[in-house]
Amino acid sequence: MEYLKIENLRKTFGGVVAVDNISFEVEQGALLGIIGPNGSGKTTTVNLITGFLTPDSGKVMFKGRDIAGLRASKITNLGIGRTFQMVKPFYRLPAFKNLVVPLFSPRVKRMGGHYGEKDTLALDILEDIGFERDSAVPYKPASILPHGYLKRLEMARVIALQSELIVFDELYSGLTLAEVASISPMIEKLIEAGKTIIMVEHRLKELFKIAHRVMVLDQGKKIAEGSPREIMKQPSVKKAYLGVEL
Amino acid sequence: MSTERRKERIDRPIKAVTDDIFCLSSIREIAYLVIPRMLPVVGLLLLAFLVPPYWRKVMVITFVMGMMALSWDFMASCGLTSLGQALFFALGAYSAGAANHYLGLPIYLSIPLGTLIGAVISTACIYPTLGLRGIYFSVVTLIIPLMLMRVVETTGIFGGTEGITGLSPFPGIIVTIALSMIALWITFFGLRRLIDSDYGHIFVALKDNDRAVEASGLSIRWFKVQAIFIGSGICCFCGAFMTHYYMSIGMSAFAVDLSIFPIAASVVGGMGTLVGPLLGAIILGPLSEALRAFGSFRVVIYAALLGTFIVMLPEGLFPYLARKYQQIERWVEAPGGISED
């Protein structure tokens with residue numbers, strides 16, 4: 001049984017075909033990168049998998065069950081966590097209280113394993129993700145935190161949810177090289193812990209360092225899939241990105 | 001050693017000790033912290049029992065409107081900006097009135113029952129609109145009470161245009177005012193506690209980012225239902241209470257004024273603070289009564305005052321006062337002299 005299998009996924013907005021019969025598979029414990037030029041349907045694909053959009057047709061099989069069209073909260077509780085390209089923190093809440101919300105989810109309650117007060121737990125997760133525990137940072141409202149911390153907060157949410165399949169939607173966008181360098185090992189650590197990861201990314205160099213397989217989208221269609229090394233050699237990929245055949 | 005003095009904000013040393021655990025060192029500091037926190041309790045007591053008899057009736061209405069404003073503010077801070085608090089008020093009023101008139105239930109049963117039934121019906125009325133956000137949600141909540149008002153008028157149910165009269169009264173004005181004051185306290189402190197709890201943070205999160213709430217594995221629809229049940233329950237209690245206070249129920253329970261007042265009170269007092277709407281209601285309630293002498297011209301004065309408030313103090317009265325209070329300074333000895341910075 002495949003872990004995650006996408007079959008002929010299709011989504012249109014009015015006359016625009018955003019995702020055009022995409023099929024792919026992800027094995028458990030793998031890191032799949034999804035790349036492609038702007039408007040190629042990467043984020044739409046993510047939204048279709050995580051339930052934020054309902055596909056027009058096609059299947060999203062997760063551990064043998066078709067989850068296409070389920071509510072996003074339901075899919076999250078099945079174990080698929082996601083981050084957003086545009087960070088979505090709860091601005092009025094302090095950073096650590098942002099994690100109290102996912103800690104209320106049925107999934108976390110069912111999984112158990114989280115021991116102790118929600119606040120302590122939230123602070124533990126934030127410390128792991130790079131918030132200095134003894135500083136004032138975790139206690140500041142999310143509205144005044146810098147972008148790098150908000151991206152980490154997005155990551156902290158899926159960790160708090162104990163998601164087994166994590167979809168990162170342009171996690172690296174807007175981060176400095178130093179920040180990327182500190183976040184990449186965390187993603188490798190998640191893989192070591194047995195999580196499965198899908199990364200939508202524009203920062204190809206950083207992605208290719210950690211991805212096991214890469215899928216390329218262009219204008220809603222899948223144009224290539226393979227290991228990062230193979231993908232870099234594909235002429236169709238270069239054409240999609242640069243617009244010319246090299 | 002110089003004995004120059006410099007100004008220092010009173011809250012600085014208090015905050016420096018720790019940010020939220022109050023470690024108090026003097027009566028003055030205790031007073032600085034406790035007095036503003038005692039104000040809502042003591043202030044309401046004074047308002048309720050020291051005003052002349054005629055104004056007691058005004059205070060009852062003010063307290064009930066205060067609860068309506070608190071309910072509006074709570075719902076607004078959950079991202080549910082309602083323009084139809086009158087709907088909840090009327091449903092509570094009609095439920096309690098019907099329970100008292102048709103079923104013959106005594107007042108101490110009809111009010112709780114009316115509150116409960118009203119809240120359930122209100123939530124059911126709003127449920128289909130929960131997929132809407134922002135202005136779309138507001139507009140629908142504005143429409144529903146107007147629609148139900150005409151339903152009552154056309155079909156003549158619950159007495160139609162004449163309403164139901166002769167409902168059981170409260171035992172006396174002192175009991176009435178005490179009950180309304182206690183209910184206001186419970187609403188105010190209850191909502192504050194709710195918003196500050198971990199469970200309440202979900203409601204705050206609903207407004208900040210409902211998609212992120214969904215991505216946190218919580219159904220936004222289910223939590224919006226809970227928020228509406230709590231918010232409308234408060235208004236239904238107000239409706240049930242006023243029905244028995246007036247000893248009658250009529251179509252005026254659907255009046256737009258009832259939807260507007262909570263918003264006006266929240267705007268004047270400061271939205272999203274809970275204290276603000278309470279303060280706003282306590283100012284606007286007696287004010288509209290005091291302006292009664294002007295007849296229908298009072299609406300003009302009232303509206304002009306509101307407009308001035310919105311333009312001059314868009315943040316609201318309470319955040320302004322709170323800021324000023326934190327800026328109160330005192331003279332302290334500066335042993336090393338006053339440094340340049």
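Let me start with two helices of chain B: the axes of helix H4 (residues 85-101) and H10(B) come within 7 Å and cross at roughly 50°, where axes are lines fitted to C-alpha atoms, for helices over the stretch in contact, and angles run from 0 to 180 degrees between N-to-C directions. H4(B) and H10(B) are therefore oblique to each other, on a scale in which angles under 35 degrees count as roughly parallel, over 145 as roughly antiparallel, 65 to 115 as roughly perpendicular and the rest as oblique. The crossing of H4(B) past H10(B) is right-handed; a crossing is called right-handed if the near helix is turned clockwise from the far one by less than a right angle, and left-handed if anticlockwise.

A word on the source before I go on. This is a predicted model, in which local features need pLDDT of at least 70 and side-chain atom pairs count only at pLDDT 80 or more, whereas totals for chains, interfaces and linings use all residues. Residues are numbered from 1 along each chain as its sequence is written, while chains are lettered from A and ligands numbered from 1 in the order in which they are written. Helices (H or I, at least four residues) and strands (E, at least two) are DSSP runs, numbered from the N terminus.

Back to the two helices: residues of H4(B), including Phe88(B), Phe89(B) and Ala90(B), meet residues of H10(B), among them Cys235(B), Cys238(B) and Gly239(B). Contact here means that the C-beta atoms of two residues, placed from the backbone, lie within 7 Å.

On the side of H3(B) the contact includes Val64(B), Met68(B) and Phe74(B), and on the side of H10(B) it includes Ile234(B), Cys238(B) and Phe241(B).

Which residues have the most contacts inside the largest nonpolar core? They are Met68(B), Phe89(B), Ala90(B) and Cys238(B), in a core of 153 residues. Such a core is a set of buried Ala, Val, Leu, Ile, Met, Phe, Trp, Tyr and Cys residues joined through C-beta atoms within 7 Å, and a residue is buried if 20 or more other C-beta atoms lie within 10 Å of its own, exposed if 12 or fewer, and partly exposed in between. If we leave aside neighbours within four places in sequence, Ala90(B) is in contact with Pro145(B), Leu148(B), Gly239(B), Ala253(B) and Phe254(B).

By contrast, Pro53(B), which lies in helix H3 of chain B, is exposed, with 7 other C-beta atoms within 10 Å. Pro53(B) and Ile220(B) are 167 residues apart in sequence and 47 Å apart in space, C-alpha to C-alpha.

For chain B as a whole, the secondary structure comes to 14 helices and 4 strands, and 41% of its 341 residues count as buried. Its C-alpha atoms fill a box of roughly 85 × 55 × 40 Å along the principal axes.

Now to chain A, where 4 strands form an open sheet in the order E2-E1-E4-E5, with antiparallel pairing; two strands pair if DSSP finds at least two bridges between them. E2 and strand E5 (65-66) of chain A stand at the edges, each with a single partner strand, so one side of each is left without a neighbour in the sheet. Helix H1 (residues 42-50) of chain A packs on this sheet, touching E1, E2 and strand E4 (57-62), and its direction makes about 65° with that of E2(A). Strands E1 (residues 4-13) and E2 (residues 16-26) of chain A are joined by 7 bridges and form a hairpin with 2 residues between them, in whose turn Gly14(A) has a positive phi of about 60°. Across this pair, Ile6(A) stands opposite Phe24(A), and Lys5(A) stands opposite Glu25(A).

The other sheet I want to show in chain A is open and mixed, with 6 strands in the order E6-E7-E8-E3-E9-E10. Within it, strand E3 (residues 31-35) and strand E9 (residues 213-218) of chain A pair in the parallel sense over 4 bridges, with Ile34(A) opposite Met215(A).

Finally, how many residues does each chain give to the contact between A and B? Chain A gives 24 residues and chain B gives 16 residues, and the largest share of the side of chain A, 4 residues, comes from H2(A).
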